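Reader: I'm new to this one and would like to learn how to read it. Could you take me through it feature by feature?

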There are 2 protein chains.
Amino acid sequence: MTNPRSDRVTAVRALQKRSVRERTGRFCVEGPQGVREAVRWAPERVRDVYVTAEAADRYADDVVGPALAADLFVHEVSPEVLAAMADAEAPQGVLAVVHAAAPSLADVLAGRPRLLVLLSSVRDPGNAGTVVRGADAAGADAVLVTDGSVDVHAPKVVRSTAGSLFHLPVVTGLDLGQTLEDLAGAGVATYAADGTGRTSLTAARLGVPHCWVMGNEAWGLPADVRARCDDVVAVPIHGRAESLNLAMAATVCLYASAGVLTAGPPAG
Amino acid sequence: MTNPRSDRVTAVRALQKRSVRERTGRFCVEGPQGVREAVRWAPERVRDVYVTAEAADRYADDVVGPALAADLFVHEVSPEVLAAMADAEAPQGVLAVVHAAAPSLADVLAGRPRLLVLLSSVRDPGNAGTVVRGADAAGADAVLVTDGSVDVHAPKVVRSTAGSLFHLPVVTGLDLGQTLEDLAGAGVATYAADGTGRTSLTAARLGVPHCWVMGNEAWGLPADVRARCDDVVAVPIHGRAESLNLAMAATVCLYASAGVLTAGPPAG
C-alpha cells in the first residue's frame, strides 16, 4: 500500500477517535514493542499488522516472523501510509489493528486475585498507561478502570503501557460503587491511596488480597469513596514535596504489595 | 501589561529556548504550584511574577500575598500576555521568571549526603522532572544531572517537578566519570539501576550513603559505567513487563532507600 488517502488508511486512522474504537471494538497499537507483545500474547486478537519495508527488515525476528508464524495478515506499506495511519510522530514503521478484549470483573474475581489496582476518574493517558505497566511489573492480577476514566485504548495510553496491555486483564467501563461492593463480596480489601490517609504505606495490611484505589490526578478520591474503602493509605513523604504523581504513587504502592517493600531490613 | 507583542513579553517567551536560558541564567516557572514553591523556598531568586487579574484573586493567599510579603515584583497581565509568555497551553494565569541556581557537587558532598540520584543522559523532560519530584518526596539530599541530559530548566521539566526544583539542590552539567570519582572519594556508594543487575533491589545495601545512577530511557547505562559503579541493582519484575519506565524505576529505588524497605514486616 502506498496511497495515504486510501479507504483502508482512513479507516485505520479513524481508530484514533474514541467513538470509532467503541463502535468497531478495534484499536491501534503503534511501535515494535507493543505490536510484538500483542502478537506474542494475544495473536487471536490481532487483525492486521502494517510494516514499512525498512521496519520489516529491522523487526523480522521480533515482529514479522512471529506474526507470520501465527498466521496473521502482515501488510507492507510505505512510510507515508504508516505516518497517515499513526497517532505517534515516529511509530518506528510498525502498527497493528487489534480487537479490544472485554474481560469482566466477574472473570477476574473468579481467579481469586491477590493484587489489583482500580483507576477511578483517571484522565491523563500517560498516567493510566504507566499504571498498567507498573501493575504488570509488580505482578498484579488485573487493572480495573471506572467509566469516568480515560479510554485505555487511546493511542497514548496504549503506547505508555509498553505492551503490558496484553499481559494482564484490563477491565473497563466499571461503575465505582458497584465495583467496591463486588470487591468486598469477593473478599478483596480496598485501600484508597491518598495523601490524607492516616495509615502509612509501611503499616498497611498487604498480606491479604487487596486492591489499590487511585483517584483523579487533580482532585483525588472523593471523601465518600475513601470512606467506603477498607483503609486510606498514604505513601510517606520525606522531603518537601506535597505528593507523588499518580503513576508514581500507584507504582510505589504496587511494589510495596509485591513484597519489595516488605522484604525486611536490607543487607546493608 | 496588555500587549502580547511587547519587548518584555518577547524576552520572557525567549526563555523557552535553552540557549537564552543559558545566556541569561533565567528560566520560567508556570502555574500556581511551581510559582508558590519558588516564592516560598527561593524568593531571592524570583525576578518577576506575572498574574492575570483572575489568577491574582484565586491565588491571593497562595502566590500573590507571599510574593508581595517577600518584596517581589508582581505584575498584572492580560490573559493574552500570559499565554504569549508561556509554554503550557493552560498556565493557570501565573508565571514567574526565576534565576537559575547553580549548586556544585562539592557543596552537596560537603553536606554528607545519605541519598542521591544521578541522571545520566536522561532525555525525556517528563522523566527528569518526575525523578526530581520523586527524589524530593523520598527525602533525597540532591539530584545530580550529567551534561548529556535534558536541561532541567526546560518548561516541561520544571512543570513536572511540581515545585520540587526549589526543594532540593539540582546539580547540572556534570561529567559522568568525574562525578563517579567524586562520589567514591566522598564515601558515597554508587548503584546503577539497571534491569541487567544481578543484585535485586531487595538485597541492595541501602544502609550506607548511596547514589542511584539512572541511564538513558532507551539504551540504559553503558557497560563501562555499570562496571564503575559499586553495584548494579535491578528492580524485580514479577509479571511479563520487560521493565519499568525510568521515572518509576527511580521512584521505587528511592523509596526503597528512604526506609520503606527498612520498616520491617507489615502489620498484615
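Reader: What covers the buried residues of H3(A)?

Author: This is a predicted model, where local features need pLDDT of at least 70 and side-chain atom pairs count only at pLDDT 80 or more, while totals for chains, interfaces and linings use all residues. Residues are numbered from 1 along each chain as its sequence is written, chains are lettered from A and ligands numbered from 1 in the order in which they are written, and side-chain values use heavy atoms, with hydrogens and water left out. Now to your helix: the cover includes strand E1 (26-30), strand E2 (46-51), helix H5 (60-69) and strand E4 (94-99) of chain A. Helices (H or I, at least four residues) and strands (E, at least two) are DSSP runs, numbered from the N terminus.

Reader: How many residues of helix H3 of chain A are buried?

Author: Buried means under 20% relative accessible area, exposed over 50%, and partly exposed in between (1.4 Å probe, protein chains only). Seven of the ten residues of helix H3 (residues 32-41) of chain A are buried, so the rest of the structure largely encloses it. Among them are A:Pro32, A:Arg36 and A:Glu37.

Reader: And what about helix H3 of chain B, how many of its residues are buried?

Author: Seven of ten there, so to speak mostly covered. B:Pro32, B:Arg36 and B:Glu37 are among the buried ones. The cover of H3(B) includes E1, strand E2 (46-51), helix H5 (60-69) and E4 of chain B.

Reader: Which residues have the most contacts inside the largest nonpolar core?

Author: In soluble globular proteins, nonpolar side chains tend to be buried together. A nonpolar core is a set of buried Ala, Val, Leu, Ile, Met, Phe, Trp, Tyr and Cys residues joined through side-chain atoms within 4.5 Å. Here the largest has 126 residues, and A:Trp212 and B:Trp212 have the most contacts inside it. Leaving out residues up to four places away in sequence, A:Trp212 touches residues including A:Leu115, A:Tyr191, A:Val233 and A:Cys253; contact means heavy atoms within 4.5 Å.

Reader: How far apart do the C-alpha centres of the two domains of chain A lie?

Author: Domain bounds come from an automatic or database domain assignment, which for chain A gives domain 1 (7-99) and domain 2 (105-262). Their C-alpha centres lie 29 Å apart. Even so, 17 residues of domain 1 of chain A are in contact with 14 residues of domain 2 of chain A.

Reader: Where does the second largest pocket lie?

Author: Domain 1 (7-99) and domain 2 (105-260) of chain B both give residues to its lining, so this pocket lies between them. Of its 29 lining residues, B:Ala101, B:Pro103, B:His153, B:Val170 and B:Thr172 lie nearest its centre. A pocket is found on a 1 Å grid over the protein atoms alone, as an open set of points where a 1.4 Å probe fits, with protein on both sides within 12 Å along at least five of seven lines; lining residues have an atom within 4 Å of a point.

Reader: Is B:Ser149 buried or exposed?

Author: B:Ser149 is buried, at 4% relative accessibility. This serine is found in the loop between E6 and H9 of chain B.

Reader: Which phi does B:Gln92 have?

Author: A positive one of about 55°, although B:Gln92 is not a glycine. B:Gln92 is partly exposed, at 47% relative accessibility.
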